[in-house]
Amino acid sequence: MSEETNNKIITVDCPTCHTAVEWLDKNEHRPFCSDRCRLIDLGAWASEDYKVPGKPATEWDMPDVPMGNDNNTLQ
Ligand SMILES: [Zn+2]
């Protein structure tokens, strides 16, 4: 008899520090082990691949929202 199906926990390696991370809902930073490792990886990725001259980093924070929201129905 085997009840392995209930105990099946997927683990992944943290891309930054290679710690085994359990793939659970509570691990909100997965596949990273922590927010710190996530930021480190994002920073490395951003500085290496997104070296766009003359492009301010703040531009990535602005969502592309088209005109014409629900504003018409507010009044
Ligand atoms: Zn880590």
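Trainee: How much of the protein counts as buried?

Mentor: Of its 75 residues, 4% count as buried. A residue is buried if 20 or more other C-beta atoms lie within 10 Å of its own, exposed if 12 or fewer, and partly exposed in between, with C-beta atoms placed from the backbone.

Trainee: Before I go on, what are the ground rules?

Mentor: This is a predicted model, where local features need pLDDT of at least 70, side-chain atom pairs count only at pLDDT 80 or more, and totals for chains, interfaces and linings use all residues. Residues are numbered from 1 along each chain as its sequence is written.

Trainee: What is the mean pLDDT?

Mentor: The mean is 77, and 56% of the residues reach 70 or more. pLDDT is the predictor's confidence in each residue, from 0 to 100.

Trainee: And where is confidence lowest and highest?

Mentor: Helix α1 (residues 4-7) is lowest at a mean of 66, and β2 is highest at 95.

Trainee: In what order do the elements run?

Mentor: From the N terminus on, α-β-β-α, so 2 helices and 2 strands. Helices (H or I, at least four residues) and strands (E, at least two) are DSSP runs, numbered from the N terminus.

Trainee: Take Val-12. What does it touch?

Mentor: Val-12 sits in strand β1. Leaving aside neighbours within four places in sequence, Val-12 is in contact with Val-21, Trp-23, Arg-30 and Pro-31. Contact means that the C-beta atoms of two residues, placed from the backbone, lie within 7 Å.

Trainee: Why does Val-12 count as partly exposed?

Mentor: Because 15 other C-beta atoms lie within 10 Å of Val-12.

Trainee: You mentioned Pro-31. What kind of peptide bond joins Arg-30 to it?

Mentor: A cis one, with omega about 5°. Pro-31 is in the loop between β2 (20-22) and α2.

Trainee: Which residue has a positive phi although it is not a glycine?

Mentor: His-18, at about 65°. Most residues other than glycine have a negative phi, and most peptide bonds are trans. His-18 lies in the loop between β1 (11-13) and β2, and is exposed because 10 other C-beta atoms lie within 10 Å.

Trainee: How far is Asp-41 from Cys-14?

Mentor: They are 27 residues apart in sequence and 9.8 Å apart in space, C-alpha to C-alpha.
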